[in-house]
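Here are a few friendly notes to read alongside the model.

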Amino acid sequence: MSAIFRSPPIIHYGAGALEQLGPTARELGLRQVLLVTDPGMVQLGVADKARSQLEAAAVCVVVFDGVQPDPTLANVEAGLTVLRQQGCDGLVAIGGGSPIDCAKAIAVRHTHPEPLPEFAGVEKFPRPGLPLIAVPTTAGTGSEVTRVMVITDTDRDVKMMFASRSCLAAAAIVDPVLTLGMPKGLTAAVGVDALTHALEAYVSRRAQPQTDLLALSAIRLIAHNLRTAYHDGSNLEARSAVMLGAMQAGLAFSNASVALVHGMARPLGACFHLTHGLSIAVLLPAVTEFSQSSAPERYARAAFEMGQQDIVGALRHLNRDVGIPKLRNLNVPAERFESLLDKMAADALASGSPANNPRQASAEEIVALYRRVYAETA
Ligand SMILES: NC(=O)c1ccc[n+]([C@@H]2O[C@H](COP(=O)([O-])OP(=O)(O)OC[C@H]3O[C@@H](n4cnc5c(N)ncnc54)[C@H](O)[C@@H]3O)[C@@H](O)[C@H]2O)c1
Ligand SMILES: [Fe+2]
C-alpha cells in the first residue's frame with residue numbers, strides 16, 4: 001500500500017537557527033510580513049528578536065500580538081484585518097502552538113472568503129494560503145512542521161481541527177535556544193504533549209515506515225531528556241534534544257495522525273479551559289492502558305525506547321517526575337464534569353481522531369475512560 005509524507009520544504013533546526021529567519025524570508029520573496037505572536041512573547045523580548053532578524057534582511061514587519069492561548073475565531077479575524085489593512089504578503093509566527101496555529105488560520109482565511117468552520121476536517125481547503133514561516137518557542141506542538149491547526153469556536157465550546165496541506169508552513173525555524181526560558185509547568189505539559197504525538201503516531205492505524213522512524217526517535221529523545229529540561233531549564237543539550245523530538249513527533253503525527261488521547265483531550269480542554277498540553281498529559285496513561293491490548297508489540301517497542309518494559313508505568317512515572325497534576329485538581333468541578341461527559345464523548349468521536357486508535361472506543365467507553373481519569377488520585 002502506498003503512503004504519502006508531507007512536510008514544509010524548508011526546515012532550519014538546531015541552536016542558532018533563528019539567524020536563518022531573515023534569509024529565509026528573502027528566499028521566499030517576502031517584503032512585508034505580519035508577525036503573529038502573543039503578549040507573553042512581546043514581554044519576554046522574543047518577538048523583538050524575530051523583528052530585528054527580519055529587518056536586518058530588509059523585510060518590513062507589522063506586529064499582531066492579539067493571540068490568546070488556544071486561539072479563537074475572533075483572534076483569526078482580528079489578525080486578518082491587520083494583514084489586509086497593511087497589505088502584507090506573508091506571515092511569520094513566533095511563539096508556541098497558539099500563535100503558529102493562529103497564523104496558519106489567518107494565512108488560509110486570506111485566500112478563502114467562506115467562514116473558517118466550513119473547512120474543519122481533513123483536506124477541505126481547495127487553495128493554498130499565504131506563505132508562513134513558523135518559529136516555535138515551545139518544544140511541544142510541532143505545529144511548525146504539521147499540516148494541522150486547532151482553532152476554538154467559543155460560541156460552541158468546540159476546538160475545531162483542520163488537517164490540510166494548505167496549513168503547512170512554507171518554512172520552519174526550530175531553534176532550541178528560544179525554549180530556554182520556558183517555565184517548568186509549561187516545559188512539562190508541552191513535552192508530554194509532544195511525547196503523545198509520537199506515541200499516537202506510532203500506534204496509529206495510519207502509521208507508515210517513514211513516520212515510525214521519526215516517532216521512535218522522538219519517543220527516545222523526549223523520554224530521556226524531558227526530566228533534565230524540566231529540572232534544569234538552562235541545559236541547552238537537553239532542551240535541544242526535546243525540541244528535536246517535538247519536531248520529529250510533529251512530522252510523524254502530521255502524516256500518521258493522532259488518535260484517542262487527542263480526540264478526548266480537545267473537548268476536555270474546550271469545556272474546562274485547560275491548556276492543550278495538560279489536557280493531553282492527564283489522559284495519556286489511562287487511555288494508553290485502554291488501547292494497549294490492541295497493539296501490544298508497538299506499545300512494548302515504545303516502552304523499550306523509553307528505557308522501560310511497561311508503557312503505562314513508564315508514562316505514569318514520567319508524569320509524576322515532571323509534576324503533571326491530576327485532573328480532579330485542575331479546577332474541574334465534579335458535577336459539571338458529569339453533566340458534560342456525553343457532549344465530550346460525542347465531540348471526541350466527531351473529531352475523527354479516535355478512528356485511528358488501535359482499539360476502537362464507543363461513546364460509553366469514552367465516558368468510562370473520562371470517569372476513570374477523574375477518579376485518579378495518585
Ligand atoms: N497545529 C498542531 O499541529 C498542534 C498540535 C498540538 C497542539 N496544538 C495547539 O497549540 C496550542 C498550544 O500551544 P503551546 O502548548 O505551544 O502553548 P501556547 O502557544 O498556548 O503558549 C502558552 C503560553 O506560554 C508562553 N510561552 C511560549 N513560549 C514561551 C517561552 N519560550 N518562554 C516562556 N513562555 C512561553 C506563551 O506566551 C503563552 O502565554 C493549542 O491551541 C493546541 O490546540 C497544535
Ligand atoms: Fe497535541
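1. A word on classes before we start: Ala, Val, Leu, Ile, Met, Phe, Trp, Tyr, Cys and Pro count as nonpolar, Asp, Glu, Lys and Arg as charged, and the others, Gly among them, as polar. With that, the shell around ligand 1 holds 10 nonpolar, 16 polar and 3 charged residues.

2. Please keep in mind that this is a predicted model, where local features need pLDDT of at least 70, side-chain atom pairs count only at pLDDT 80 or more, and totals for chains, interfaces and linings use all residues. Residues are numbered from 1 along each chain as its sequence is written, while chains are lettered from A and ligands numbered from 1 in the order in which they are written.

3. Which residues come nearest to ligand 1? Of the 29 around it (C-beta atom, placed from the backbone, within 6 Å), they are Gly40, Gly96, Gly97, Ser98 and Ser143.

4. At least two shell residues each come from helix 2 (39–43), helix 5 (97–111), strand 7 (148–153), helix 6 (184–203) and helix 10 (276–291). Helices (H or I, at least four residues) and strands (E, at least two) are DSSP runs, numbered from the N terminus.

5. Domain 1 (10–178) and domain 2 (183–375) each give at least three residues to that shell; their bounds come from an automatic or database domain assignment. Their centres, taken over C-alpha atoms, are 24 Å apart.

6. The contact between them (C-beta atoms, placed from the backbone, within 7 Å) takes 26 residues from domain 1 and 29 residues from domain 2. On the domain 1 side, strand 8 (158–163) is among the elements supplying at least two residues, and its 3 residues are the largest share.

Methods. Contact = placed C-beta atoms within 7 Å.
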